[in-house]
Amino acid sequence: MRRSVLLLLCLTLITGGLMLPQVYGAPMEEIKIAGQFGLVYAPLTVAKERKIFERYGLKPVWKEYGSGGAVREALISGEVDVGFMGIPPFLIGWDKGCEWKIVCGFVIVPIGLVTNDPNIKSLKDFKPEDKIAVPSPGSIQHILLAMAAEKELGSPTALDNNIVAMPHPDGAAALISKKGIKAHFTTPPYLFEELSQPGCHLVIDDVTIFGHPFNFNVGVAPQRFYDRRPVVYSSFINAIGEAMAWINNNKEAAAKLLAPEFGLTPEKTLEYLNWEGMNYTAAPYGLMGFGEFMAKAGYIQRAPASVAEIAFDNVLAIIGSRAGSPSELERIQY
Amino acid sequence: MVKAREEKTERKKTLNQVLFIIGALLGWELMAWTGWFPPLLFPKMSQVLIHLWAGLSGGELLARVAFSLYIIGLGLSLAVVTAALVTTGAMLSPLISDWVQALMAVLHPLPGIAILPVIILWLGTGSRSIVAVIWFSSLWPLIANLHTGLRSVPTTQIEVGRNLGLKGSQLVRSILLPGAFPYILTGLRVGWARAWQASVAAEMVFGASGGEGGLGWFIYKKRFFLEIPSVFAGMILIILIGLLVERLCFEEVERRTVRRWGMTAE
C-alpha cells in the first residue's frame with residue numbers, strides 16, 4: 001500500500017514537472033539581437049531591464065558589438081537575427097547583395113559636427129591639415145559630411161582627406177583635449193557633452209544638411225528571418241514599440257533605469273532624454289534620401305527604386321502609397 | 001660542384017613552393033565557384049586579383065604602399081638608431097646594461113598596439129602616432145638581438161683582434177659587428193615584421209587621415225564599404241611585399257655576408 005502511494009506520488013511529480021512549461025505560457029522563441037551601447041540604444045536597455053521581449057514570448061539573446069561595422073558583419077555571417085545600423089551602412093550592404101531589409105525605424109537623434117576651433121564657422125574654413133573625426137568610413141556621419149561638402153564646397157569628396165576614423169568616446173576625448181583633431185561628427189550623448197564644453201561649437205547639424213529629420217538607425221533583418229519566422233519577427237516589432245513608448249511616457253523612470261548603464265546621474269540622463277531633437281520612435285523617416293545621394297556620389301552602384309526594395313511590409317504599410325500625389329509620410333522618406 | 005647541387009635543390013624548393021601557392025589559389029577559386037559560401041564572405045580569387053589590378057593601375061594602391069613603406073622605413077630607421085645607441089651604452093657600462101635588460105624584460109612582451117591609447121593621448125592621431133607605435137614595436141627585438149649578438153662574440157676573437165693591434169672603432173668594425181651580424185640580421189627581420197604588423201594594426205584601430213593612410217587604412221576603409229575582394233587584395237599585397245623584401249633584401253644580404261663568412265649551419 002505505502003509503496004503504491006509512493007509510486008503514484010513519484011508519477012504525479014514527474015508528469016507535473018513535464019507539464020509545468022505548458023502551464024506557464026507558450027515555449028519561448030529565441031531571438032538573437034545585436035546590441036550596442038549608448039543613449040541611442042536606450043529602448044534595447046529598457047526592453048532588457050523590463051523583460052519586454054519575454055512578455056511577447058521571446059527569449060532574447062543579446063550580443064554586444066562595439067561598432068556598426070561589427071553589427072553588419074554579424075548579420076551577414078548569421079550570428080544575429082536582427083541588428084541596428086545607420087541607413088548608409090545598410091545601403092552599402094544592400095548594394096553589395098546582402099538579402100536584408102529594414103524592419104523598423106529606430107530613434108531620431110540630433111547629429112552634428114562640433115569643432116574646438118573658434119575660427120571654424122563653416123565647412124569652407126577647414127584647411128587640408130584639419131582632421132575631422134567620424135566613427136568609420138561609410139558611416140552615417142561620413143555620408144552626412146559628404147552631403148554637406150557637396151552643398152557647401154561643390155564636391156562630396158572635398159573633405160574625404162580630412163577624415164580620421166575614431167570611436168565616439170575617443171573622438172570626444174580628442175576633441176575636448178584638442179589633441180590632433182579639429183572637429184568631430186558625433187551623436188548623443190557625446191554631442192551634448194562636447195557642446196557643453198567651453199570653446200566647442202556646432203558647425204553644422206543633420207537637419208540643415210538633410211532638410212528634415214531622419215532615422216539615425218534602422219532595425220535590419222535578413223529576408224530569410226522574415227520568411228521563416230514571421231511570428232518571432234512580429235513579436236520583435238511589438239516589443240521594440242512597447243519599449244519606445246515606455247521611454248516617451250515615463251522619462252523620469254527611464255532616466256533612473258538608464259543612468260547606471262551610461263555612468264551618468266539620473267538628472268543628467270533626464271536632461272539628455274529631453275534634449276531638443278531626441279525622438280524615440282519606430283516610424284520610418286528619410287529611408288530613401290541617402291540612397292539617391294550615395295548613388296550620385298559613387299558610394300553605391302544604384303539607388304533603390306522604391307521603398308519596397310529596402311523595407312519589409314510592416315514598414316511599407318506605415319508609409320502607405322497615396323493615389324495621386326505622395327502623402328506626407330511618403331514625402332519624408334526622401 | 002657542391003655549389004651547383006645546392007643551387008639546384010634551392011631552385012627545386014622554390015618551384016615546389018610556387019606550385020603549392022598556385023594550387024592553393026586554384027583551390028580557393030574552385031571553392032568559391034561551388035557557391036557553398038556567400039560570395040560576400042568568400043569572394044572568387046579571380047575577383048580578388050581583378051580588384052588588386054584595378055587598385056594598382058588606378059594608382060590608389062601604389063600610393064598606399066608608398067605611404068606604408070615610407071612610414072615603416074621611418075619608424076624602423078629610428079628604432080635601429082635608438083637600438084644602436086642603447087646597445088653601445090650597454091656595452092660601455094655594466095650599469096646601463098643592467099638597466100637595458102630590466103627595461104627589455106618589462107617592455108618586450110608588451111605588444112606595440114597596446115600602447116596606442118597612450119600614444120594617441122600624448123601625440124594625437126595621425127602619422128606621428130603610427131611612427132611611434134612602429135618604433136616601439138620594432139625597438140625591443142632589435143635591442144634584444146643586438147645586445148645578445150654583441151655579447152656572444154667570443155672573447156678569444158676580441159683578444160685576437162686586440163693582439164693584432166685593433167682598437168676602438170676598428171675593433172668594433174672588424175670583429176664585433178661581423179661577429180654579431182647573424183643576430184643583427186635576425187633583429188632586423190623581426191623588427192621589419194613587427195613594424196608591418198604595427199603599422200597595419202595601428203591604422204585599423206584609429207584609421208588615418210584619408211590622404212595619407214597606408215595599406216592598413218586601405219583594408220580598413222574597404223571593410224566598411226564591404227568591398228571584401230579589395231580587402232583580400234590589400235592582404236595579398238602585404239604578403240607580396242613581405243616576400244619581395246625577404247628575397248631581395250634579407251636573403252641577399254645573408255648570402256653575401258653570413259653565409260659567405262661560413263657562419264650558418266648550412
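## Where the two chains meet

Chain B brings 19 residues to the contact, and chain A brings 24 residues. Keep in mind as you look around that this is a predicted model.

Which helices stand out on the side of chain B that touches chain A? Both α5 (116-123) and α9 (215-224) of chain B supply at least two residues each. The largest share comes from α9(B), with 4 residues. Sorted by class, this side of chain B has 10 nonpolar residues, 7 polar ones and 2 charged ones.

## A sheet in chain A

Now turn to chain A, where you can find an open sheet of 5 strands. Reading across the sheet, the order is β7-β6-β8-β5-β9, and the pairing is mixed. The edge strands are β7 (163-165) and β9 (201-205) of chain A, each of which pairs on one side only. On average, neighbouring strands of this sheet are turned by 30° against each other, direction ignored.

## A closer look at β6 and β8

How do strands β6 and β8 of chain A run relative to each other, parallel or antiparallel? Strand β6 (residues 132-134) and strand β8 (residues 183-186) of chain A run parallel, and 2 bridges join them.

Finally, look for helix α7 (residues 168-176) of chain A. This helix lies across β5 (112-115), β6 and β8 of chain A. Its direction is at about 150° to β8(A).

Key. Residues numbered from 1 in each chain as written. Chains lettered and ligands numbered in written order. Predicted model: local features only at pLDDT ≥ 70, side-chain atom pairs only at ≥ 80, totals over all residues. Contact = placed C-beta atoms within 7 Å. Nonpolar A, V, L, I, M, F, W, Y, C, P; charged D, E, K, R; others polar. Pairing = 2+ DSSP bridges. Axes fitted to C-alpha atoms, helices over the stretch in contact; angles between N-to-C directions.
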